[in-house]
Amino acid sequence: MELAVGGGMRRSASHTSLSESDDFELTRLLSKPRINVERQRSFDDRSLSDVSHSGGYGRGGFDGMYSPGGGLRSLVGTPASSALHSFEPHPIVGDAWEALRRSLVFFRGQPLGTVAAVDHASEEVLNYDQVFVRDFVPSALAFLMNGEPDIVKNFLLKTLLLQGWEKKVDRFKLGEGAMPASFKVMHDAKKGVETLHADFGESAIGRVAPVDSGFWWIILLRAYTKTTGDLTLAETPECQKGMRLILSLCLSEGFDTLPTLLCADGCCMIDRRMGVYGYPIEIQALFFMALRCALQMLKHDNEGKEFVEKIATRLHALSYHMRSYFWLDFQQLNDIYRYKTEEYSHTAVNKFNVIPDSIPDWLFDFMPCQGGFFIGNVSPARMDFRWFALGNMIAILSSLATPEQSAAIMDLIEERWEELIGEMPLKICYPAIENHEWRIVTGCDPKNTRWSYHNGGSWPVLLWLLTAACIKTGRPQIARRAIDLAERRLLKDGWPEYYDGKLGRYVGKQARKFQTWSIAGYLVAKMMLEDPSHLGMISLEEDKAMLKPVLKRSASWTN
Ligand code: GLC
């Protein structure tokens, strides 16, 4: 049964069809001026202190870093960016563009997204024929960099309509703001209609909640706005409401004593049981970045004002918490090693009562004298000391990491190249869990055996994040080295989803071929390195108003 709701959207419990009036609304939005350079305003450097006394977009606004390539149309397989540069593109770039275009999904004649994989050889399709929100991000960035923003706009608008559905898992109704993990275009040949079918976790293996989808949506809306200079999309009541709904889900008051966001296992890129529950770094970093992006785009009108204030307060607390308690370097590790336990009251140094015996052996050798990273998780008596690539890269890009911390993360990558990059960039996490721990933590997951898939596998898609972080920290040579490695294998191996083994030498046991985000990730990395000004669409400058915590050392710590 379909229920008509405000704004021309229709809701349905299991799937929906977009009505003519929806399409009219969308057409209206799509036909608004695409590029509006005049309206570009600088907002990157807007600090939290501006929030309380600025109206509309305030003194801020989108800064005018206008990505070259914007506005250019590309021919199939001909990236606009390569036309802007004199040097010859790598021979696999053309193949990559063709493969990326083959993954395009059309809805009522318009490109709407890219499927997760176009792997005809694979027997099991599962849901790889769907458009995943998180997987579409590198595709979207590639299209934006190549001067093709319309597909991104269409994606942002259609996913907004999906957010408007009533979402249920069995008899349980999900939060209004939830964004889907993925969606699919269904063709009814008899009736000659196309409808969308979305998955909010109710069909996903393990019924996992895609907490990251809403954050990626906000981050992508900013990337679109920043690249095109078209503020009109973010300003629409639909987009403003979409942002507010996502934010309501994560800014509501509860019993929490921490500013981090509490999540269930499998809520992000690692969407299986992997001990990534509680306060995982990937979600905290995306949460932080989405809050900062929303702050730049939310109107300070009656409805938006309350959110703007909440965001500002949360960002202060979140950055302090993350920079203090998630951060680990040699000195901090030594400090934790000597922690006293069972400390009561405000004066406690070991606030979460972490037992030093819980520090895993591998960490003592892994930690270089110079370098550091945000660990995987922090909660009572628990520090997950594993390294997770996505969270750390997003921490750099969002400036959750201070410039010193960002530099230290890059130092760690250089120092531990073999472990984290090996023969194929980039390890999703390090190290793998095995034996008894694997049984307990994954529930004996045969897909996540040691050094495979989410359990220490190497994911080419992460290359774009590494490249962006390298450019931001002024170390493009690291990205070049990683891209060189990827170029030796990716096309030859058929753009696998992931690689297995300690060094990432083997094509993943169950890896899809022609995995779209491996292809798009490579292209984005390439284009960003060729033209570093693209970085602005996915990077935020440091907000000086956020306090840098001084790490407290235990009294007994000596050098
Ligand atoms: C796997 C990955 C997930 C990705 C999906 C589609 O489930 O774990 O991160 O979004 O495949 O590629």
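I started with a count: there are 16 salt bridges in the structure. I'm keeping in mind that this is a predicted model.

First pair I looked up: Lys184 and Asp129, which form a salt bridge with their closest N and O atoms 2.7 Å apart. Lys184 sits in strand 8 (residues 182–188) and Asp129 in the loop between strand 4 (110–114) and strand 5 (131–132), so this pair ties together parts 55 residues apart in sequence. I checked accessibility too: Lys184 is partly exposed at 27%, and Asp129 is partly exposed at 28%.

Next I went to Arg134 and Asp212, whose side chains meet in a salt bridge at 2.6 Å, N to O. Arg134 is in helix 5 (residues 133–145) and Asp212 in helix 7 (residues 211–228), and the pair links these distant parts of the chain, 78 residues apart. Both Arg134 and Asp212 are buried. I also noted that salt bridges with shared partners join Arg134, Asp212 and Asp271 into one network.

Then Arg489 and Asp493: their side chains form a salt bridge at 2.8 Å, N to O, and both residues are buried.

Last, Glu497, in the loop between helix 19 (476–489) and strand 14 (499–500). Beyond its sequence neighbours within four places, Glu497 has contacts including Tyr453, Trp459 and Gln510.

Key. Residues numbered from 1 in each chain as written. Predicted model: local features only at pLDDT ≥ 70, side-chain atom pairs only at ≥ 80, totals over all residues. Heavy atoms only, no water. Helix = DSSP H or I, 4+ residues; strand = E, 2+ residues; numbered from the N terminus. Contact = heavy atoms within 4.5 Å. Salt bridge = Lys/Arg side-chain N within 4 Å of Asp/Glu carboxyl O. Buried < 20%, exposed > 50% of the residue type's maximum accessible area, 1.4 Å probe, protein only.
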